[in-house]
Amino acid sequence: VRSGFRFSFTPEYTPYTVAFAITYAGSIIFSFFAIMTGPLSLTALINSYSLVLPTVFGMIYYKEPGSLPLYIGLALLTVSLVLVNMSGKSETGKIRPIWIFFATASFLSNGICTIAQNMHSRAFGGVGSNEFMTNALIVVTALLFIFVFFGERKIFLKNLRAGWHLMVGCG
C-alpha cells in the first residue's frame with residue numbers, strides 16, 4: 001500500500017534476499033530441533049540473544065560506537081544466562097550436545113538474517129525494503145514447506161486435519 005502497489009526488485013537485492021531467506025529458515029528449523037531435543041525455556045532465551053550479533057557486527061564492521069547502556073545490557077544478558085542455567089539441568093533433563101548444536105545454529109542463523117537485512121537497508125538507503133522482505137519471505141515459505149512436507153509430513157498432515165479451520169480463519 002505504501003508503495004502504491006508498485007513492486008520493483010532489482011538483481012542487486014538477490015544476495016541479501018538469499019542470505020536472509022536461508023538463515024531465517026535455518027533459524028526456524030534449528031529452533032524446532034533445539035526445542036525437540038532440549039529445554040524450551042533456554043532455547044527461547046538463547047535465540048532471543050541472537051540480536052547481540054548484529055549489534056557486535058555493527059560495532060566492528062560499521063564502526064558504530066558502543067555506549068554504557070549497551071555494555072550494561074550485554075553484562076545483564078550474561079548474568080541471566082548464568083542464573084537460568086545454574087543447575088546445569090533443564091526441565092527435560094541434562095543438556096545434550098545435540099541440543100547445544102541446534103541452539104547454537106539457531107542463534108547464529110537468527111543473528112545473521114538480521115545482519116543481512118541491515119546490510120540491505122544500508123546498501124540501498126532503505127529503498128526496496130518491501131521488495132526485499134517480500135521476496136525473502138516467499139523463499140522462506142518455500143523452504144519451510146519443503147522441510148515440513150518432506151521432514152515432518154505425518155505430523156503436518158495430522159495437524160492440518162485437526163486445525164484446518166483455524167488456519168483458514170487466520171488467513
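Reader: Where is Val139?

Author: Val139 sits in helix α6. Helices here are DSSP runs (H or I, at least four residues), numbered from the N terminus. The model is predicted, so local features need pLDDT of at least 70, side-chain atom pairs count only at pLDDT 80 or more, and totals for chains, interfaces and linings use all residues. Residues are numbered from 1 along each chain as its sequence is written, and side-chain values use heavy atoms, leaving out hydrogens and water.

Reader: Why is Val139 called partly exposed?

Author: Its relative accessibility is 36%. Buried means under 20%, exposed over 50%, and partly exposed in between (1.4 Å probe, protein chains only). Therefore Val139 counts as partly exposed.

Reader: Which helix gives the most to the nonpolar patch?

Author: α6 does, with five residues. Both α1 (14–37) and α6 (129–151) supply at least two.

Reader: How do you know how confident the predictor is in the chain?

Author: Look at pLDDT, the predictor's confidence in each residue, from 0 to 100. The chain's mean is 87, and 91% of its residues reach 70 or more. Helix α5 (residues 97–123) has the highest mean among the elements, 96.
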